[in-house]
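Have the sequence and the 3D view at hand as you read.

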Amino acid sequence: MTYSQRSSHPAAASDYTYLEYQLGQASDELAMAVEAQDEPRAAALRAQIAELEDQLALLED
């Protein structure tokens with residue numbers, strides 16, 4: 001299920017909670033990528049985290 005499908009689903013949990021969970025997962029993966037010195041993966045995860053933070057900021061408005 002994509003994020004847009006999930007957010008429009010009436011039984012879905014809070015979008016805010018979902019985004020916070022996704023941020024936590026991405027942060028954990030980033031820590032592992034940095035530890036493994038996998039720079040391409042770390043860069044992709046940083047971009048993903050920035051996108052999730054932007055989405056979260058839109059919900060906070």
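Among contacts in the chain between residues at least 6 apart in sequence, 40% join residues at least 24 apart, where contact means heavy atoms within 4.5 Å. Please keep in mind that this is a predicted model, in which local features need pLDDT of at least 70 and side-chain atom pairs count only at pLDDT 80 or more, while totals for chains, interfaces and linings use all residues. Residues are numbered from 1 along each chain as its sequence is written, and side-chain values use heavy atoms, with hydrogens and water left out.

The chain holds three helices and zero strands, in the order α-α-α from the N terminus. These elements are DSSP runs numbered from the N terminus (helices: H or I, at least four residues; strands: E, at least two). Of the 61 residues, 18% count as buried; here buried means under 20% relative accessible area, exposed over 50%, and partly exposed in between (1.4 Å probe, protein chains only). The accessible surface comes to about 4,400 Å², and 52% of that belongs to carbon and sulfur atoms, with areas taken from the Shrake-Rupley method with a 1.4 Å probe.

Two of the helices can be set side by side.

As background, an α-helix has 3.6 residues a turn, so residues three or four places apart point the same way. Just after H2, Gln37 takes a positive phi of about 55°.

Now for H3, where Ala42, Leu45, Ile49, Leu52 and Leu56 are buried. These residues cover an arc of only 85° around the axis, which puts them on the same side of H3. H2 is part of what covers them. The face of H3 turned away from its buried side carries exposed Pro40, Asp54 and Leu58. Leu58 has a relative accessible area of 64%, and its C-alpha atom is separated by 9.9 Å from that of Tyr16, 42 residues apart along the chain.

Where do the buried faces come together? The largest nonpolar core has ten residues in all: Leu19, Leu23, Ala26, Leu30, Ala33, Ala42, Leu45, Ile49, Leu52 and Leu56. H2 and H3 (39-60) each supply at least two residues of this core. A nonpolar core is a set of buried Ala, Val, Leu, Ile, Met, Phe, Trp, Tyr and Cys residues joined through side-chain atoms within 4.5 Å. Leaving aside neighbours within four places in sequence, Leu52 is in contact with Leu19, Gln22, Leu23 and Ala26.

There is one salt bridge to look for, defined as a side-chain nitrogen of Lys or Arg within 4 Å of a carboxyl oxygen of Asp or Glu. The side chains of Glu29 and Arg41 form it (2.4 Å, N to O). Glu29 lies in H2 and Arg41 in H3, so the pair ties together parts that are twelve residues apart in sequence. Glu29 is partly exposed at 31% relative accessibility, and Arg41 is partly exposed at 38%.

How values were computed
Arc of directions from axis to C-beta.
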